[in-house]
Amino acid sequence: MEATKTDSHHHGTDDHAHHHDPGFWKTYIFSTDHKVIGIQYGITSLLFMLVGFFLIACMRWQIAYPGQAIPVVGKILEAVLGSEVAPGGIMSSELYNSFGAMHGTIMVFLAVLPLAFAAFGIYVVPLQIGAPDMCFPRINMASYQCFLAGGIVMFVSFFIPGGAAQAGWTSYSPLATVIPTDGQTYWLIGMVLLITSSLLGSVNFIATIIQLRAPGMTWMRMPFFVWAQFVTAFLLLLAFPPLEAAGILQLMDRVFHTSFFLPSGLMVAGQPMAVSGGGSPLLWQHLFWFLGHPEVYVLILPAIGIVCEIIANNTRKPVFGYKTLVYAALVLGFLSFIVWAHHMYLTGMGTKISAFFQTTTMIISIPSVIILTCLFISLWGGSIRFNTPMLFALAFLPMFGLGGLTGLPLGFSFSDIHLHDTYYVIGHFHYVVAPGTIFGLIAGIYYWYPKMTGRVMSEFWGKVHFWSSFIFINMVFQPMFAQGMAGMHRRMYDGGATYAGVADPLTGEVVGIPQKFIEMNSFISIAAWMLALSQLPFIINFFYSITHGKKVESDNPWQATTLEWQTPTPPPHGNFDKPIEVFRGPYEYSVPGHDADYLPQNEKLEGEPKTEDAPDAQPAPAQ
Amino acid sequence: MEIPYNSKPRPDTGLYNAKVGIWLFLASEVMLFGALFSSYIMLRVGAPEGTWPAPGSLLKVGPGAFNTVVLILSSVTVVLAWASLKFNNFKQYRMFQGITIVCALIFMCVKAYEYHDKFTHYEIVLKEGVTHYEGISHGTGVRSHLNLVDGHLVNQTEDEITLTVHPHHDDHAGHDHGAEAHPEEHDGDHSGHDHAEHAHGGHDAIQVTVRKSDIAKMESYGPWHSTYLAIYFTMTGLHAIHVIGGAFVIFYIWGPGAKMWKTDPERYVNRVEVSGLFWHLVDLVWIFLFPILYLL
């Protein structure tokens, strides 16, 4: 901290004035404090997650009971969106399409990504590396504001004439270009804002981790969560710009009538489209999936990081293979850039290219399995504390495993031909993202809540939340594998009813989707609504505990080793009240010969190197 | 609270924060333009036969080459400006960075001229059987049956439009030369440029007035006209936004933000350096844009 302090004295004088009592707006709305921005991100993204869940809950009604008016909500939809869109509370196909497209968009770009990367990352990473804030606090604030603007643009698009984007979250051209709603233009502008936000965020993250690590916090002493965020930030930094390019090109197609993604001879509604043509629909898919696949790891890596922290803390022993985890995450990040076209086996891009992407896809499962195996072995021989965060973290492991393993048949082009675009795919990636990532994130909320608020969320309601969520989420996604293997297409407006029981005109034999798979629709839908209900204990617990939760008795209620627990609770502006120096790795639990079963990273032991500048010997810096 | 290493380099990385930040930002910019360059390749390789214009046929090489020189010059002055500050010579910095800003302005003026030239450049597709105008040319490939009048807008009224047409000038060669007449000329072959198609003599421009009732379709050479122009306008447009943004930041530091030279000179020099790094990227992108859009 020596160099740091001389710096601060050098420039400190003119900046000191605005520290004192900045007022409500500067403290909560236009704050540059990473903790406030992290919480802003967290609350906004949780709200968007609720919106995304609401959309799918409506769609599940239409899938289970096609053509029937949605109870209660249907009336509201009709009143708000108009009677052409939801006549008598019945979901029109346009509305179904736009809800489907926006469910994906909101969940990926406005809920899980900002919660996993931004909210937890911005709040926790600077604390875990012993930094007073992020490298560029004002860019941090701008990042949130861009995100919010993008979210508002997306949300507003529901209410414009024609409704929100309808071409799926992947927005494949030419469909996305020719669809007659401005919602797609809103979607593109929203995406450009979100990409800007993530660009600002990822630059800030990487710079912070490189530059602001506390003295002694070497690379291999960083908690695994920081490593996960570091790799994630690189993925965002390098994978998002191609989508921005694609967005710009599609915006040109829509606004300036260019033909980047419109091939020659394109017919729309029986008429040749009046454009110059010569474009390539495949180009959009390449650009989209160049982001789209790294995006998957952007969603999963922070969750793995959180789970790793919680498992180490609650098994009271070091994680197994810390260095292996780090290298696996780095390899995973690198490989995720060269697997994107496994989403495109059916585009006719050719068997040679398919073979290449099949190979890389199989290779990328190796680091994923290494990470999961390390986390499983970490449980071995631990005296596990089964508190709420730990339950969610433990559930993450098999759920993510299931999601990963069901991905293998999709990674091979021959089996993907059968499974492509079916409910099997939906089941697969939701196992990765919903009971996988989201469970990891909820674990993180329970785990860091005491640090953020100074109070603990109710254990009892936490366990109710966990068990009900765990049961219902499996009831939602497990039957989808069966439906998908039976051939149910993922974008069917009526849940496949039209195609059920279709008879072969020659033999009279039923060749459509067998009725029993159609009947699963209502089972899944009911489970999904029950899953929604099981979030109520969480929502109430979350808000109730802010004011009424049990107060924490120490700054380190979980008896953890990492630096975020060595701050006052909640951490003040500038985070640490004494200079931080790090002496050891992140997971020194149950160290032999030590009294407590945990040894914080900044606790100096007798005979530790670097004794001459012991933190306790120095006066606290003026904050 | 003060962020460490805001202007002093961190000993183990040797970098101050903003320098790490700008390099990361530049990496992301490389991916953005990289994606667009890849799109250019994919679109060009997949373009239907005869639709990609011959090099230099739609854009004059001269202004593009001039702009390339201007940007390279500005890249030199931006370094000299930073170096002057390192030698504590503020006056010289002001002079060099002033040249940088002027270069940016010149670049944008030339760009605006080029854009204006394309937006006033019209291609008129005449109705079937209409052949009585001077300076009619023909489309290529699948469009070879079309009678076109191709030229710059002079005047437009409710029922007439007047264009300046260069009947044999190679300005519009890529589109105008008949596919049947010079099939070898389609991709990058300069040899056939000055061949005449029609009997009209000389290279003089003529003014052609077309009645609107004879027009099947009229379009300026904007981004909607062809894939080549679409990628040209998109990439140069995005690049122009970067030029404007970069020039604005450099101007702010040069003018209104120069107070910092007195209060915090170290940080001021860092700002100049970081904005200069961005300026180099803007220059570098143009160095790739110029050949692929004007020369190849």
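Helix H10 of chain A contains 35 residues and spans 51 Å from its first C-alpha to its last, close to the 51 Å expected at 1.5 Å a residue; the expected span is 1.5 Å times one less than the number of residues. This is a predicted model, in which local features need pLDDT of at least 70 and side-chain atom pairs count only at pLDDT 80 or more, while totals for chains, interfaces and linings use all residues. Residues are numbered from 1 along each chain as its sequence is written, and chains are lettered from A in the order in which they are written.

**Helix H10 of chain A**
- Helices are DSSP runs (H or I, at least four residues), numbered from the N terminus.
- A kink of about 30° is centred on A:Trp289; the bend is the angle between axes fitted to the seven residues ending there and the seven starting there.
- Because 32 of its 35 residues are buried, H10(A) is largely enclosed by the rest of the structure; buried means that 20 or more other C-beta atoms lie within 10 Å of a residue's own, with C-beta atoms placed from the backbone.
- Just after H10(A), A:Arg316 adopts a positive phi of about 55°.

**Contact between the chains**
- In chain A, 42 residues are in contact with 37 residues of chain B; contact means C-beta atoms, placed from the backbone, within 7 Å.
- H10(A) (281-315) is among the helices that each supply at least two residues to the side of chain A touching chain B.
- H9(A) gives the most to that side, with nine residues.

Methods. Contact = placed C-beta atoms within 7 Å. Buried ≥ 20, exposed ≤ 12 C-beta atoms within 10 Å, placed from the backbone.
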